[in-house]
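Me: I'm new to this one and would like to learn how to read its side chains. Could you walk me through it?

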Amino acid sequence: MTAQKTASRKASEVFSDEEKAAMRDAAEERRAAASTDPEAEVLAKIAEMKPDDRAMAERIHALVKAAVPDIEPRTWYGMPAYAKGGNTICFFQSAQKFKTRYATLGFSDKARLDDGDLWPNAFAVQKMTPAVEKRITQLIKQAVG
């Protein structure tokens with residue numbers, strides 16, 4: 001076996017099926033970017049989620065759009081995401097995406113959440129409450145600055 005085939009085979013064993021699917025989603029997103037309606041893609045991804053995650057994602061979608069009306073919905077590695085100036089700011093990762101025990105609201109390095117030398121860039125979301133909704137709205141507004 002050649003070194004290239006060995007390296008390729010080993011790399012394919014490193015990533016889970018869910019991670020490979022996310023990479024395929026990202027490649028497809030790049031190919032389809034100019035020819036699709038990004039918000040329709042986000043809503044389609046949300047519709048594919050299990051009921052609990054779908055309800056959270058729908059509410060987060062509404063909160064993000066209300067907090068920053070000119071934000072750009074898009075998919076990012078197959079997840080609902082939101083961008084500003086073409087840069088992904090935040091995303092919603094359902095629990096089923098990587099078979100985790102909770103959904104996640106994550107922020108990219110473009111989000112303006114900096115707070116000294118250490119700050120969170122992802123938050124576990126188990127259920128939506130008025131307090132959680134208020135905190136998400138604050139985070140989104142801060143993230144886009």
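Me: Let's start with K99: is it buried or exposed?

Reply: Keep in mind that this is a predicted model. Exposed means over 50% relative accessible area. K99 has 66%, so it counts as exposed.

Me: Which side chain does K99 meet in a salt bridge?

Reply: Here's the general idea: side chains of opposite charge can pair when their charged atoms come close. In this model, K99 pairs with E18, at 2.9 Å from N to O. K99 sits in the loop between strand 3 and strand 4 while E18 belongs to helix 2, so the pair ties together parts 81 residues apart in sequence.

Me: How many salt bridges turn up in the whole structure?

Reply: The search finds six. One of them joins E133 and R59, whose closest N and O atoms are 3.0 Å apart. That pair links distant parts of the chain, with E133 in helix 5 and R59 in helix 4, 74 residues apart. R59 is partly exposed, at 33% relative accessible area. Another salt bridge brings K45 and E48 together, at 3.8 Å from N to O. E48 is exposed, with 54% relative accessibility.

Me: What about nonpolar side chains: which residues form a patch on the surface?

Reply: Look for V14, F15 and M23, which together have about 280 Å² of accessible area. F15 lies in the loop between helix 1 and helix 2.

Me: And what is the relative accessible area of F15?

Reply: F15 comes out at 37%, so it is partly exposed.

Terms used: Residues numbered from 1 in each chain as written. Predicted model: local features only at pLDDT ≥ 70, side-chain atom pairs only at ≥ 80, totals over all residues. Heavy atoms only, no water. Salt bridge = Lys/Arg side-chain N within 4 Å of Asp/Glu carboxyl O. Helix = DSSP H or I, 4+ residues; strand = E, 2+ residues; numbered from the N terminus. Buried < 20%, exposed > 50% of the residue type's maximum accessible area, 1.4 Å probe, protein only. Patch = residues over 30% accessible without salt bridge, like charges linked within 9 Å, V, L, I, M, F, W, Y side chains within 5 Å. Areas by Shrake-Rupley, 256 points an atom, 1.4 Å probe, with all protein chains shown as cover.
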